[in-house]
Amino acid sequence: TLPKNKPAVKESQPAVSKSKVSEKKLKAGFLPDQYVVYPSHGVGRVIEIEKREIAGQMLEMYVIEFEKEKMTQRVPIEKIKENGVRKVSTKNQLKEIFEILTGKAKIRRTMWSRRAQEYEAKINSGDIKLLAEVVRDLFRSDSQPEQSYSERQLYEASRERLAREVAVIEKTDEQKAIEKMETILNNSNGRSDDLESEEAS
């Protein structure tokens with residue numbers, strides 16, 4: 001092996017590949033250390049852009065780390081749109097999200113199993129507005145009926161997913177983001193105190 005004998009070669013090769021990658025990086029809009037949102041996993045961080053041979057083809061891929069889940073996802077640069085990976089929302093978009101949280105919960109009077117599927121689809125859509133709707137619709141204040149176990153699970157999943165993006169936008173931590181969101185939800189005038197927990201038996 002050559003690493004110790006030829007350090008100069010090892011230094012020069014990454015420099016060449018980095019400059020080649022930079023054109024693609026700018027095209028796709030993501031840079032190393034940038035936070036992105038992957039629909040089925042939520043907020044992750046681009047840790048590098050690597051070249052990898054797959055089925056005889058050299059592909060440039062984003063390596064995205066999801067720290068909380070302790071997992072890493074590799075996405076070919078040209079498949080980013082197809083996979084629905086997007087930039088983290090802006091502060092202006094966050095204002096819209098907080099407005100959604102202040103709105104009145106919209107609970108469809110259908111079987112819980114059907115609604116649960118719809119909530120899961122929204123959580124994994126990658127659309128922050130749909131995610132905020134799930135948080136709003138499943139939130140219960142202390143004065144409201146307690147949630148069923150499965151409702152609580154879905155609420156916590158959506159709340160954590162949204163809080164991670166809020167935390168990145170506001171440069172805070174996830175717990176503070178959760179507290180801010182739940183303060184908004186608790187103070188909302190649009191909430192009704194007589195929402196029913198409708199899990200079908």
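With a relative accessibility of 14%, E50 counts as buried (buried means under 20% relative accessible area, exposed over 50%, and partly exposed in between, with a 1.4 Å probe and protein chains only). The model is a predicted one, in which local features need pLDDT of at least 70 and side-chain atom pairs count only at pLDDT 80 or more, while totals for chains, interfaces and linings use all residues. Residues are numbered from 1 along each chain as its sequence is written, and side-chain values use heavy atoms, with hydrogens and water left out.

E50 sits in strand β2 (residues 42–54); helices (H or I, at least four residues) and strands (E, at least two) are DSSP runs numbered from the N terminus. The E50 side chain has a polar contact of 3.0 Å with the side chain of R52, and another of 2.6 Å links it to the side chain of R74. For the record, a polar contact is a pair of N or O atoms within 3.5 Å; within protein, one must be able to donate a hydrogen and the other to accept it, and residues adjacent in sequence count only if both atoms are side-chain atoms. Leaving aside residues up to four places away in sequence, E50 touches L59, E60, M61, V63 and R74, where contact means heavy atoms within 4.5 Å.

On to the hairpin. Strands β3 (residues 57–66) and β4 (residues 71–76) pair in the antiparallel sense over 6 bridges; two strands pair if DSSP finds at least two bridges between them. M61 has P76 of β4 as its bridge partner. The hairpin formed by β3 and β4 leaves 4 residues between the strands, and K70 in the turn has a positive phi of about 55°.

Zooming out, the chain holds 6 helices and 5 strands, running α-β-β-β-β-β-α-α-α-α-α along the sequence. Of its 201 residues, 41% are buried. Among contacts in the chain with a separation of 6 or more, 59% come from residues 24 or more positions apart.

As for the nonpolar cores (sets of buried Ala, Val, Leu, Ile, Met, Phe, Trp, Tyr and Cys residues joined through side-chain atoms within 4.5 Å), the largest has 33 residues, and L101, L162 and M181 have the most contacts inside it. Two or more residues each come from α2 (91–102), α3 (112–123), α4 (128–138), α5 (149–170) and α6 (174–187), with α5 giving the most, 7 residues. M181 touches F98, L101, V135, R159, L162, A163 and V166, again not counting residues up to four places away in sequence. A second, separate core has 12 residues, including Y62, F66, V75 and V85.

Two of these helices deserve a look of their own. The 12 residues of α3 reach 16 Å from first C-alpha to last, close to the 16 Å expected at 1.5 Å a residue; the expected span is 1.5 Å times one less than the number of residues. W112, R115, A116, Y119 and I123 are buried in α3. Seen down the helix axis, the buried residues of α3 fall within an arc of 105°, so they line one face (the arc is that of the directions from the helix axis to the C-beta atoms). Their cover includes α4 and α5.

In α4, 8 of the 11 residues are buried, so the helix is largely enclosed by the rest of the structure. These are I128, L131, A132, V134, V135, R136, D137 and L138, and what covers them includes β5 (86–87), α2, α3, α5 and α6. At the start of α4, a side-chain oxygen of D127 comes to within 2.8 Å of the backbone nitrogen of K129.
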